[in-house]
Amino acid sequence: MNNLARLLVEVLRKRIAPLGIVPGQFPTLLALWEKDGLTQKELLVLVDIEQATLANTLTRMERDGLITRKEHPADARARTIHLTNQGRSIRDEAYKAAAQINEEVLADLSDAETEAFLSYMRRVIGRIKEVEATS
């Protein structure tokens, strides 16, 4: 599984590099493309990574002009994360790159095999989260 993840990340890195993003930014962008203006705390829940990792990712994304941070309208301690025009403009190409990768790497599987594979992955991920929660 580790080898699969490493290979997929490398393929993704190559495909999205022309968009000015890296794989570590992809989950955050996916969340913000679905709902812009989330807080860092909300993003943490959605992307399921360490607080420090997300903070570093957001700093880099802000530096690269993909996001801006604004004062939260109801909570003076929080800030909301917003996509810039640049961050919004790469959405379709990024989705296209990810979809092409999925299609290419799963091409040798039948539709039924693909569904089974994805189902098994979801189950394993769910189990990992359960194990992690009890550790």
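Reader: Which residue in β3 stands opposite Ile 67?

Author: The model shown is a predicted one. In this model β2 covers residues 67-71 and β3 covers residues 79-83. The two strands pair in the antiparallel sense over five bridges. The residue in β3 that stands opposite Ile 67 is Leu 83.

Reader: Which strands are the edge strands of the sheet?

Author: Three strands form an open sheet with antiparallel pairing, and their order is β1-β3-β2. An edge strand here pairs on one side only. The edge strands are therefore β1 and β2.

Reader: What pattern does the protein chain follow along the sequence?

Author: The protein chain contains seven helices and three strands. Its C-alpha atoms fill a box of roughly 50 × 40 × 20 Å, taken along the principal axes. Read along the sequence, the pattern is α-α-β-α-α-β-β-α-α-α.

Reader: Do the buried residues of α3 lie on the same side or on opposite sides of the helix, and why?

Author: Helix α3 spans residues 40-47, and its buried residues are Gln 40, Leu 43, Leu 44 and Val 47. Because these residues cover an arc of only 105° around the axis, they are placed together on one side. On the other side of α3, Lys 41, Val 45 and Leu 46 are exposed.

Reader: Is Asp 48 buried, exposed or partly exposed?

Author: Asp 48 follows α3 and lies in the loop between α3 and α4. Although Asp 48 is not a glycine, it has a positive phi of about 55°. Its relative accessible area is 45%, and a residue counts as buried under 20% and as exposed over 50%. Asp 48 is therefore partly exposed.

Reader: What share of the residues in the protein chain is buried?

Author: The protein chain has 135 residues. Thr 57 is one of those that count as buried. The buried share of the chain is 29%.

Reader: Which element gives the largest share of the lining of the largest pocket?

Author: The largest pocket has a volume of about 1400 Å³. Of the 28 residues that line it, the closest to its centre are Ala 5, Leu 8, Val 9, Met 121 and Ile 125. The elements that give two or more residues to the lining are α1, α2, α3, α6 and α7. The largest share, eight residues, comes from α7.

Reader: How many residues of the lining of the largest pocket are nonpolar?

Author: The lining residues divide into nonpolar, polar and charged groups. One residue is polar and two are charged. The number of nonpolar residues is 25.

Key:
Residues numbered from 1 in each chain as written. Predicted model: local features only at pLDDT ≥ 70, side-chain atom pairs only at ≥ 80, totals over all residues. Heavy atoms only, no water. Buried < 20%, exposed > 50% of the residue type's maximum accessible area, 1.4 Å probe, protein only. Helix = DSSP H or I, 4+ residues; strand = E, 2+ residues; numbered from the N terminus. Arc of directions from axis to C-beta. Contact = heavy atoms within 4.5 Å. 1 Å grid on protein atoms, 1.4 Å probe; cavity = no way out; pocket = protein on both sides within 12 Å on 5 of 7 lines; lining within 4 Å. Points joined across faces, edges and corners; volume = space filled by probe spheres on them. Nonpolar A, V, L, I, M, F, W, Y, C, P; charged D, E, K, R; others polar.
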